[in-house]
Amino acid sequence: MSAQERTADERAVDERRRAARVLAGASHADLAALWAAWGERPEVAYLRGPEAGLVMVQGRIGGTGDRFNLGEATVTRATVMLHGAGTDEVSGTSYVLGSHPEHAGLAAVFDALLSAPMQRERVLADVIEPLEREQIKRDTAANADARSTVVDFFTVAREHE
């Protein structure tokens, strides 16, 4: 299926997944700084205050095979409703790995701002894209660091021959 054949709903779902991934992967300090620099802030009301809980993490054999339970992970979720400042009562939700209530709350606020038509482009340009660039840079450096320690066992000389 080409990009043109995809529906607007499919593109919106992909964009929301991207934003949720970036917001969950950002640090609380980065989100707090972005929120502090936000100009006209809407009023934030928690529909579901940040709360931590456990989820079961599943894996697949070989990445595509049968599922198996890998273990439990702590996640924190939050749901907010925004009022005013061009938001027209939009809601946002976030799930963050670990027990980080402030991080989950701020991620939910930015998720809600993405739902507000007047704020969407600003959130993408000022929040999501810069955070995503930083995360890509950080992940690339970590991958390069990990690759530097890889041992190719086919090129290791045998001592007994």
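1. Rings of Phe, Tyr and Trp (its six-membered ring) pair if their centres lie within 6.5 Å, and planes under 30 degrees apart count as stacked, over 60 as edge-to-face and the rest as tilted. On that basis Trp35, Trp38 and Phe110 form one aromatic cluster. This is a predicted model, in which local features need pLDDT of at least 70, side-chain atom pairs count only at pLDDT 80 or more, and totals for chains, interfaces and linings use all residues. Residues are numbered from 1 along each chain as its sequence is written, and side-chain values use heavy atoms, with hydrogens and water left out.

2. The structure holds 2 aromatic pairs. Tryptophan 35 and phenylalanine 110 are edge-to-face, at 5.9 Å centre to centre and 90° between the planes; this pair joins helix H2 to helix H3 across 75 residues.

3. Helix H3 (residues 101-115) is mostly covered, with 12 of its 15 residues buried. Helices (H or I, at least four residues) and strands (E, at least two) are DSSP runs, numbered from the N terminus. The buried residues of H3 pack against several elements, including H1, H2 and H4, where contact means heavy atoms within 4.5 Å.

Methods. Expected span 1.5 Å × (residues − 1). Buried < 20%, exposed > 50% of the residue type's maximum accessible area, 1.4 Å probe, protein only.
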